[in-house]
Amino acid sequence: QSGSDKILRLMKREYKTTDILDTLWQIQRIYPSTLIATDIIVGFLEESDKDFELTYHFLNNAPIYKFHIFRFSPRMNTAAYFMKNRLQEPSSQIKIKRAKKLSLLGEQKYSIFITKLVAQTDKALFVGQLKDGFQQALLHNQIPIWVKTSNNLKGSFAYVKITQLLRGRLLAKLI
């Protein structure tokens, strides 16, 4: 939820960024096509510009390719709710600016990740309706693809070859 050890401590997390990185790189070595995603909270109590930059640097260099970004808001009866009386909370404008910066980074990293899938073969689960000669499916790593087919394959598995990335969508053909 943060790339700053200080913020992780304030969030009462019992791990450090180095622990997370070690685990992520192990997963990446074992399963290179694994899509690793995470939730990130910007603007947590006491998050300084330096803490945010540590988070940005962490995400930029870690094998994390998708981010779900949340702007911090203290929820009733949580530890953070009671901590907010004694700790500084970044302004809404700062939270918005930080969330946008991470969102752009996330879009870039996700695009790089899915581009690497072009020309690969994988097993896919067909989940969508047949429309205009294409049907939506999910790869083993939950990446959506659109497969050229004339048959409705919803609910079934088939091997596909990813042929191209077009306007942010992976296209594939049955093999």
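Predicted model: local features only at pLDDT ≥ 70, side-chain atom pairs only at ≥ 80, totals over all residues.
Setting aside the neighbours within four places of it in sequence, Gln-28 is in contact with Thr-34, Ile-36, Pro-63 and Tyr-65. You can find Gln-28 in helix H2, which covers residues 17–30. Is Gln-28 buried or exposed? Its relative accessible area is 12%, and because buried means under 20%, Gln-28 counts as buried.

Pro-32 can now lead us to another part of the chain. Thr-78 comes 46 residues away from Pro-32 along the chain, and the C-alpha atoms of the two are separated by 37 Å. Look for Thr-78 in the loop between strand E2 (66–71) and helix H4 (79–83). With a relative accessible area of 31%, Thr-78 is partly exposed, because this value falls between the 20% limit for buried and the 50% limit for exposed.

Next, let us turn to the strands. In which order do five strands close into a barrel? The order is E3-E4-E5-E7-E6, and the pairing is mixed. From one strand to the next, the twist averages 50°. In general, strands of a sheet pair through backbone hydrogen bonds, and they can do so either parallel or antiparallel.

For a closer look at one pair, follow strand E3 (residues 121–131) and strand E6 (residues 157–166). These two run antiparallel and are joined by five bridges. Within this pairing, Leu-125 stands opposite Phe-157 in E6.

Note on methods:
Residues numbered from 1 in each chain as written. Heavy atoms only, no water. Pairing = 2+ DSSP bridges. Helix = DSSP H or I, 4+ residues; strand = E, 2+ residues; numbered from the N terminus. Axes fitted to C-alpha atoms, helices over the stretch in contact; angles between N-to-C directions. Buried < 20%, exposed > 50% of the residue type's maximum accessible area, 1.4 Å probe, protein only. Contact = heavy atoms within 4.5 Å.
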